[in-house]
Amino acid sequence: MAQASVAETRQSSWWHRNQQQLTPWLFLAPGILFFLFYVIFPIFQSFNLSLFSWDGLGAAEFVGLNNYEELYYDEAFYTSLKNNLIWLVLYLAAIPAGLFIALFLNQTVTGIRLYKSLFFFPFVISQVVVGLVFTWFYDPTFGILNVVLGSVGLPPMNILGDENWVTIGIIVAGLWPQTAYCMILYLTGLNAVDPEQIEAGRLDGAKGWRMLWYIIVPQLRPATFIAFVVTIIGALRSFDLISVMTNGGPFGSSRVLSFYMFEVALSEYGFRMGYGASIAVVLFLIMLGFIAYFLWSMYKEERAR
Amino acid sequence: MRSMLKTSAAAFAILAASMGGASADGLTGDLKIFLDTSNPAPRATMEKMISQFQEKNPDLNIETTVIDREAYKTQIRNFLSANAPDVATWYAANRMRPYVEAGLFEDVSDLWADPAIGDNLASTKGALTIDGKQWGVPYTYYQWGVYYRKDIFDELGLSEPTTWEEEKANCQKIIDAGKKCYTIGTKFLWTAGGWFDYLNMRTNGFDFHMDLLTGNAKWTSDEVRQTFANWRELIDMGAFIDNHQTYSWQEALPFMVKGDAAAYLMGNFAVAPLRDAGLTDDQIDFYQFVEITPGVEKAEDAPTDTFHIPTNAQNKEAAREFLKFAVSPDVQTWINDGKNLGQLPVNAQSSVDSDKFLEQGFEMLSTNSPGGVAQFFDRDAPAEMAKVAMEGLQEFMVKPDNLDKILDRLDRAQTRIYK
């Protein structure tokens, strides 16, 4: 009896002593567990799976680096990789576009809230709907695009049926919601711009572009950083628009890595899990490059403060 | 002799029915059925059929799950191994091969040994056979062929063609009248597979076509090149609608409905939406795909939908009874009639609904397809090859000059995929 109470006091005192250190970990525990189980563990699982040939049903056969060798000779892989790069570059147009719309909307007139929400609207609706709207817009027979082109004397175009235009056509559709997203980031950023600095700049004779570039944009740095991160990640994850608008076509020319991975591993004609995993690994390494860069620049910024 | 045959067949039918009835009465336990018939009309038909089976077996607890048709194609892999139902729908031929080889489908050769099934379902037996055993039963199939606007043909003074020359002459007249000969939407690729099936089967015959799809003939062979040369004649004439690579098969229908295109090479499922769009049976008609190489026996595409018993099923006895019930002549007659699936019954003892397309299709498949019956491009070829090949077919339709590049690519894919 006495022994038990001694043990109890010793235990509670140990808890008492380490409470400060332990509490954050306890609060973090559920998040860490989920992250380990649903993110970290599958990453290693994918690495492992990419060394096998497996149809998802029978026994997996170890093939070493064969899947990567096949990737090396796979034209469709290079098409996807090239499209991913086009996405990365062109998708960044959402950032300046978002900035200018934000600057335009950052004023006090009647009904500005309504205009802001209208501009934000495309980000709220589903990507699938965005894809459908643009598919109809581009439709070579019934779409409005060719009506517009025809009215200024240009020949009709089949954007989604032409392997040179299709990726650009889809990116333009993707820019519509992404611009809205960047705009909202900049609108909040603009609220935090210091009016005294603007006043000071004005006294020094800064106007127009110079005012924007030297006074406003530097103060929007945090917003720009976030906009950059979400846009890069968004470009690499582009999947739903491609699936809805072209299904990877015509003849596979609008695929990106994520879509190709899905096709190979999970679609109706797929079920090559190992090969899909090897594409996923390549995509992961590309993303890892960007994420490492972001983390590093965030770390640098923290230290500079 | 004939009457004797008839009476004995009738006696057999009665015997089979009474036997079925007798053993069916004793069915108990649970029967889990997974269906991919998620479209409203087929779904209602299936549910009605299952409720009839329930009435015959009141002690059986039937549980039906309907899964979206597209989602089903990926989910089947999970549920066959993890949480198997007692009966599952699927497709015949190569599409069932992965599951047969993985040992996930039950061998049901015993059902086919019964002449009531073996003889009456003889036309589809080949499609359900792998390694000399049968792995399921069919419940419906449908013909492919050319559906055309009869009023446009009449207006231009055209009649149904039977040879390649007539087909092209008709097409030229249609083009001269400012229309397109064929509508097609190749966004999802398989429609181009249908054209290749027919052109290749008519140019080189059924056996060569099967050799090609099973990896025993080469894509770079002269025979295949001849098929593409024939196809190119139509493409160069401007026979197909423009921009077909942007449309699904449904989105290609309005061209035919509006009269911008005169015909559609399609499965019988295209008839319902054409009727819904306001075309009457006087305006649409059907003809068998024409002869190309004289003397080559005609063969048809007739995709077959099937029932299977998973190896991990719990109540295989009841599942077998259900399969027998589903292919019995009466059930086959009503589930395939115009008010229900609107397709062809698989049982030779069933009657075909009085629908002009079903009648013509049944006639064509039973008397005018001596070469054989194919399932469809993406059901006869392994999935991976089908995907690469159909992409090549689409590219060919848009850029026929790329043919050499495409065939080389397919040849490489073939050596990799069929090991």
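This is a predicted model: local features need pLDDT of at least 70, side-chain atom pairs count only at pLDDT 80 or more; totals for chains, interfaces and linings use all residues.
Visitor: How far apart are the centres of domain 1 and domain 2 of chain B?
Guide: The domain assignment of chain B gives domain 1 as 2-141 + 303-350 and domain 2 as 144-301 + 374-417. Taken over C-alpha atoms, the centres of domain 1 of chain B and domain 2 of chain B are separated by 32 Å.

Visitor: How many residues of domain 1 of chain B that touch domain 2 of chain B are charged?
Guide: The contact involves 10 residues of domain 1 of chain B and 10 residues of domain 2 of chain B. On the side of domain 1 of chain B, five residues are nonpolar and four are polar, and the number charged is one.

Visitor: Which strands are at the edges of the open sheet in chain B?
Guide: Five strands of chain B form this open sheet with mixed pairing, in the order E2-E1-E3-E12-E6. An edge strand pairs on one side only, and in chain B this holds for strand E2 (60-66) and strand E6 (137-141).

Visitor: Which residue is the bridge partner of Thr89(B) in E12(B)?
Guide: Strand E3 (residues 87-91) and strand E12 (residues 304-308) of chain B run antiparallel and are joined by four bridges. Within E12(B), the bridge partner of Thr89(B) is Phe307(B).

Visitor: What angle does the direction of helix H2 of chain B make with that of E2(B)?
Guide: Helix H2 (residues 40-56) of chain B packs on the sheet, where it touches strand E1 (29-35) and E2 of chain B.

Visitor: At what angle to E6(B) does helix H15 of chain B run?
Guide: Helix H15 of chain B, formed by residues 316-327, lies across E1, E2, E3, E6 and E12 of chain B. Relative to E6(B), helix H15 of chain B runs at about 30°.

Visitor: How many residues does domain 2 of chain A bring to the contact with domain 1 of chain A?
Guide: Chain A is divided into domain 1 (2-49) and domain 2 (74-304), and their C-alpha centres lie 40 Å apart. Domain 1 of chain A gives four residues to the contact, while the number from domain 2 of chain A is six.

Conventions:
Residues are numbered from 1 along each chain as its sequence is written. Chains are lettered from A and ligands numbered from 1 in the order in which they are written. Two strands pair if DSSP finds at least two bridges between them. Helices (H or I, at least four residues) and strands (E, at least two) are DSSP runs, numbered from the N terminus. Two residues are in contact if their C-beta atoms, placed from the backbone, lie within 7 Å. Axes are lines fitted to C-alpha atoms, for helices over the stretch in contact, and angles run from 0 to 180 degrees between N-to-C directions. Domain bounds come from an automatic or database domain assignment. Ala, Val, Leu, Ile, Met, Phe, Trp, Tyr, Cys and Pro count as nonpolar, Asp, Glu, Lys and Arg as charged, and the others, Gly among them, as polar.
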